[in-house]
Amino acid sequence: MCGRYVATRSPQDLVGLFEVTRWNPEHLLEPSWNVAPTDEVWAVLERPDRASGVLERQLRAVRWGLVPSWAKSPDAGAKMINARAETVHEKPAYRRAFAKRRCLLPADGFYEWRTVEATATTKARKRPYFISPADGRVMAMAGLYEFWRDPAVTGDDDPAAWRTTCTVLTTEATDAAGRVHPRMPLAVPRADYGAWLDPTHQDPGELRALLAAPAEGHLDVREVNDAVNNVRNNGPRLLDAPS
């Protein structure tokens, strides 16, 4: 699975890296070394312009934890941070988004935990690892996004009426990531950004064929500071080796 990740690149960098044509420079997110469920994150997606109908590649801030459009409450989003790539096209909570609302979630890398068994003198604990592309490039995690209408807000034009949420697609972990955890996020290669984001591209088999291991499996894995275990902790020190 992917339960925490690192996203430190500025929106200006992301606009260039993903060839974004529309974004709001006044909407800023702080760099985060401990992105957690329900946090706001950057997503790259394509939507048609309301006036012209022309597809625009947008950079938007969305909340991590997908809330289906038919959900009665947004509370379920905290549990829907990952969607299994093997079944995403079939599950009621995800299949409509998989068909029409796909996105890229930029990340520097992600965290996973390995359980260390208890001994006669120590308790069992989970040891955190940071997994990232070996070449340091941005990871374009494959994601889905959805719109949820808050019935408590009366006006459709009120920004508070709509919540945009997302989930990360995952698969069986391989290579370095598999030595830490059995699941890992999927990524989309740069050459396939357009095909993945295009909402008119809806063939499930073709879409699933676009998904790949991050950095083609060339991943760096290293143990990091236990401070990452607490979602309130943040900052580059979280990537330090354990003391």
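Cys-166 is buried, with a relative accessible area of 0%, where buried stands for under 20% relative accessible area, exposed for over 50% and partly exposed for what lies in between (1.4 Å probe, protein chains only). The model is a predicted one, in which local features need pLDDT of at least 70 and side-chain atom pairs count only at pLDDT 80 or more, while totals for chains, interfaces and linings use all residues. Residues are numbered from 1 along each chain as its sequence is written, and side-chain values use heavy atoms, with hydrogens and water left out.

**Cysteines**

- The count of disulfides comes to zero, a disulfide being a pair of cysteine sulfur atoms within 2.5 Å.
- Cys-166 is in no disulfide, and the nearest cysteine sulfur, that of Cys-103, is 5.7 Å away.
- Because the sulfur of Cys-103 is 5.7 Å from that of Cys-166, its closest cysteine sulfur, the two are too far apart for a bond.
- Cys-103 also counts as buried, at 0% relative accessibility.

**The chain as a whole**

- The chain holds five helices and 13 strands, which are DSSP runs numbered from the N terminus (helices H or I, at least four residues; strands E, at least two).
- The radius of gyration of the chain is 18 Å, which agrees with the value near 18 Å for a compact globule of 243 residues; this radius is taken over C-alpha atoms, and the globule rule is 2.2 Å times the number of residues to the power 0.38.
- Taken along the principal axes, the box filled by the C-alpha atoms is roughly 65 × 40 × 35 Å.
- Of the 243 residues in the chain, 47% are buried.
- Among contacts (heavy atoms within 4.5 Å) with a separation of 6 or more, 67% join residues 24 or more positions apart.

**Arg-4**

- Arg-4 is placed in the segment before strand E1 (5-7).
- Although Arg-4 is buried, it has no salt bridge, and the nearest side chain of opposite charge, Asp-39, is 7.7 Å away; a salt bridge needs a side-chain nitrogen of Lys or Arg within 4 Å of a carboxyl oxygen of Asp or Glu.
- A polar atom of the Arg-4 side chain lies 3.3 Å from the backbone oxygen of Asn-229.
- Beyond its neighbours within four places in sequence, Arg-4 is in contact with residues including Trp-64, Phe-110, Tyr-111 and Trp-113.

**Leu-14**

- Leu-14 is placed in helix H1 (residues 11-17) and counts as buried at 2% relative accessibility.
- Not counting residues up to four places away in sequence, Leu-14 touches Arg-9, Glu-19, Val-20, Trp-42, Leu-59 and Pro-106.

Terms used: Lys and Arg count as positive and Asp and Glu as negative; His and the chain ends are not counted. A polar contact is a pair of N or O atoms within 3.5 Å; within protein, one must be able to donate a hydrogen and the other to accept it, and residues adjacent in sequence count only if both atoms are side-chain atoms.
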